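Please consult the sequence and the coordinates alongside the text.

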Amino acid sequence: MARKRSKHEFRANTLPALLTVGPVTAVMVLLIAVPLIYVAVMSFCSIDEFYNVKFDFTLDNYVRLANANYLKIYVQSLVIALVTTILCILIGYPFAYIIARTKSRKKRILYMLVIIPFWTNSLIRIYGWRSFLGSSGWLNTLLVKTGIAAEPIDLLYRQGTTILGMVYCLIPFMILPLYTAIEKLDGSLLEASSDLGARPAATFFEVILPLTSGGIFSGSLMVFIPCLGYFFVSDILGGGNSDVIGNLIERQFQSGNNWPLGAALSIILIAVTLVLVKIYQKLGGDMDSLGV
Amino acid sequence: MKRKKREKRKRRLGILFCTLVYLFLFLPISVIVVNSFNATTSKPYMSWKGFTFDWYIKLWDNHSLVEAFGVTMVIAVVSTLLATVIGTLGAVGMYRYRFRGKALIDGLLYIPVVIPEIVLGISLLTIFAKVHIPRGMLTLILAHVTFCIPFVIFNVRARLAGYDSSIEEASMDLGANRLVTFFEITLPVLAPGILGGALLAFTLSIDDVIISYFVYGQTKTYPLKVMESVKSGVAPDVNALSTLILVGTILFVVLTQGNLFHKKSRQ
């Protein structure tokens, strides 16, 4: 009797659960959890003279990463990410506010116009900027032809250009959550605020901003973190002084061929990510508003 | 009166600001589209030498480029299908059943969303090297499926949140078995979420540069192909192909979501 029950239980619950959750569990464990643990292990390894990974325990990689040259790039990386995030808020907030509060049916088209550019591959769009800003690009041609500049100005290979590229790539991740947050705003609250005598500025800081802060937090997280890893932006647009942590990792896994050192750098990046996510959650951020 | 005037000025300022932002968003794309008609033949293919359609014809002779585009599409379609099936099943299962380790799986799902892509890329690279899976089409698809699944799950889950499971009970009470109920009742209700997730997965797959960069081996996707030549100057045939892709996607969206631009459509 008991056996029959357990067989029924298997068919009614265990089997469907296995069939539905099994595949996703396999992928998440084998291709997310295991690889990350392996990277963590590798960060304590060293390499032999043929650049093969040697599995011995050492803290050498982390000691090397505490070096002043590396520290400079971490700081530079964080500065680039911070400036990018601030610029995305300053541009993205008023922009999202205006399109989210548009009452006409143009609203959806305005929204789609934000998304359409991102159907072209990001690398190609960054290349578009390179063509635009390069010494024989449109901007320089215009500047020289109009006599504003005597000769082409070298706009590439600057930190500012890297930041421009980062803002360009990441601004939709700021605009979209802000749009969602602002669209949810209850118009009657704004009316109430102004009816009660609040000036527009007061309404903004006391009512609108607190109610949409969730959008700002999730947008900031989705801009700041990827910024630390977007090595191809600084590769294509920036010069020597605009490396981010992603560039350091990329070099160790490609030309440098020191995987354990690259693994240790990745662990640092993971640590930064975890800290930021914790702060985000402390601020009341919802993890589910990050994905969509 | 004065207030109205001020309102009007504010509105104009807003329109101006938004126009500038849209210009910023579309600027590099217009560079690519315009350069795809540029008759120049010398590197870095920048200065304007007149209008031509040549690049759209020459494009088809550049076999490695056309092939790379094919690879991108195959990977995007296959990974979208796999991620959508695995993700949809997973979302339904996690919604319905309790099991040990559920919180862990839930937590793991957020990793591809928040972690920098480069970390995901190198971790997959190291594990593929460790278990001796040669880099190529297979590793690219595995990688793309991995980072697409969470986005499918979140989309389906959003749909499940408002789901009334009593209609499933009704279906079973009326004699349908579990499988029939799943296909006839559950799936149609979840369809918009599944479709949204699949569309997002497809977009993420064709746009991916960083993760693919670490796991591609000999099989190059279109963006990786572009990456090789990006410093020395990308030939205008790449611009031509990019333009075609852009026009293709816009047409696709207008045709499938035509109601978006329709007068009466709202939300």
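What radius of gyration does chain A have, and what would a compact globule of 292 residues have? Chain A has 25 Å, whereas such a globule would have a radius of gyration near 19 Å; the radius is taken over C-alpha atoms, and the globule rule is 2.2 Å times the number of residues to the power 0.38. The model is predicted, so that local features need pLDDT of at least 70 and side-chain atom pairs count only at pLDDT 80 or more, while totals for chains, interfaces and linings use all residues. Residues are numbered from 1 along each chain as its sequence is written, and chains are lettered from A and ligands numbered from 1 in the order in which they are written.

**Chain A overall**

- Chain A contains 13 helices and two strands; helices (H or I, at least four residues) and strands (E, at least two) are DSSP runs, numbered from the N terminus.
- The C-alpha trace of chain A spans about 80 × 60 × 35 Å along its principal axes.
- Of the 292 residues in chain A, 39% count as buried, a term that requires 20 or more other C-beta atoms within 10 Å of the residue's own, with exposed meaning 12 or fewer, partly exposed in between, and C-beta atoms placed from the backbone.
- Among contacts in chain A with a separation of 6 or more, 68% involve residues 24 or more positions apart; two residues are in contact if their C-beta atoms, placed from the backbone, lie within 7 Å.

**Helix α3 of chain A**

- Helix α3 (residues 68-100) of chain A has 33 residues and reaches 46 Å between its first and last C-alpha, close to the 48 Å expected; the expected span is 1.5 Å times one less than the number of residues.
- α3(A) bends by about 30 degrees at Gly92(A), with Pro94(A) following within four residues; the bend is the angle between axes fitted to the seven residues ending at a residue and the seven starting there.

**The largest nonpolar core**

- This core has 138 residues, of which Leu170(A) and Cys227(A) touch the most other members; a nonpolar core is a set of buried Ala, Val, Leu, Ile, Met, Phe, Trp, Tyr and Cys residues joined through C-beta atoms within 7 Å.
- Helix α7 (residues 159-183) of chain A gives the most to the core, with 15 residues.
- Beyond its neighbours within four places in sequence, Leu170(A) is in contact with Thr84(A), Cys88(A), Val223(A), Pro226(A) and Cys227(A).
- Met166(A) also lies in helix α7 of chain A, and it counts as buried because it has 29 C-beta neighbours inside 10 Å.
- Residues up to four places away aside, Met166(A) touches Ile80(A), Thr84(A), Cys227(A), Tyr230(A) and Val233(A).

- Chain B comprises 11 helices and zero strands.
- The radius of gyration of chain B is 24 Å, well over the 18 Å given by the globule rule for 267 residues, so chain B is more spread out than a compact globule.
- Of the 267 residues of chain B, 41% count as buried.
- Helix α5(B) is largely enclosed by the rest of the structure, because 12 of its 14 residues are buried.
- After α5(B) comes His132(B), whose phi is positive, near 55 degrees.
- Contact between the chains involves 75 residues of chain B and 71 residues of chain A.
- On the side of chain B that touches chain A, helix α1 (residues 2-35) of chain B supplies the largest share, 13 residues.
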